[in-house]
Amino acid sequence: MRKLSWLFSLWYVLTLSLRVFPTTVEKFTLDDLVQKSGRIIVGKCISHESRWNDRNTLILTTARFVVSESLKGSSDGFVNVVTVGGTLDGITQTVSGMPAFEPEEEVLLFLEPSKNGHWQPLGMSQGKFRILRNRQTGEQEVVHSLSGLELYDPSSRSLSQQGKPSRAPLKPMVERIRRMVRN
């Protein structure tokens, strides 16, 4: 009985220590994303590469995108986006709420410059919308997943965690963003 109690206690402690806590960031509306972004692009990830930062304390991943449409900011046809986390030398680092990118993945990105002058997703995962084809209609849609984020709404002074990803048609969203950028 004592051994069973000890095993249960060990399991409980390990379970608590492995819990993933969300990252808390300010909640952005689409209007906020458009206004605060330095660049907004539609593109496809063509590669990604992880490296250690200068102090060897963080893994940084640079994803390279070919830009199919630039909605805000200038574009030379490509953009590099740097995120914290990745796998290198057999070590994986993750940051809850930080988006990851895979080659061939199509996205709508809201980007801001980092302190180092690199482009990064605005509001972590809030700045990444995956582009997928709807199986029933064949139309392209944006899928917005905020998994791992806890959003702080300054107007209501409240926190919220996001549930399942939201979906919307791509073309009307892009048109709406174009209008917002013009105004």
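Mentor: For the classes used below, Ala, Val, Leu, Ile, Met, Phe, Trp, Tyr, Cys and Pro count as nonpolar, Asp, Glu, Lys and Arg as charged, and the others, Gly among them, as polar. The model is predicted. In its second largest pocket, the lining has eight nonpolar, 10 polar and one charged residues. The volume of this second largest pocket is about 280 Å³. Its lining comprises 19 residues, with Thr61, Thr83, Gly85, Gly86 and Ala100 the closest to the centre. At least two lining residues come from each of β2, β3, β4, β5 (86-88) and β6 (91-93), and β4 gives the largest share, three residues.

Several of these strands pair with one another. Strands β2 (residues 39-52) and β3 (residues 59-72) run antiparallel and are joined by 12 bridges. Thr61 in β3 is the bridge partner of Ser50. Six residues separate β2 and β3 in a hairpin, and Asn56 in the turn has a positive phi of about 55°. Seven bridges then pair β3 with β4 (residues 78-84) in the antiparallel sense, and Phe65 stands opposite Val79 in β4. This second hairpin has five residues between its strands, with Gly73 in the turn at a positive phi of about 85°.

Leu60, Val84, Ser114, Asn116 and Gln120 lie nearest its centre, among 18 lining residues. By class, its lining has seven nonpolar, seven polar and four charged residues.

Note on methods: Residues numbered from 1 in each chain as written. Predicted model: local features only at pLDDT ≥ 70, side-chain atom pairs only at ≥ 80, totals over all residues. Heavy atoms only, no water. Pairing = 2+ DSSP bridges. Helix = DSSP H or I, 4+ residues; strand = E, 2+ residues; numbered from the N terminus. 1 Å grid on protein atoms, 1.4 Å probe; cavity = no way out; pocket = protein on both sides within 12 Å on 5 of 7 lines; lining within 4 Å. Points joined across faces, edges and corners; volume = space filled by probe spheres on them.
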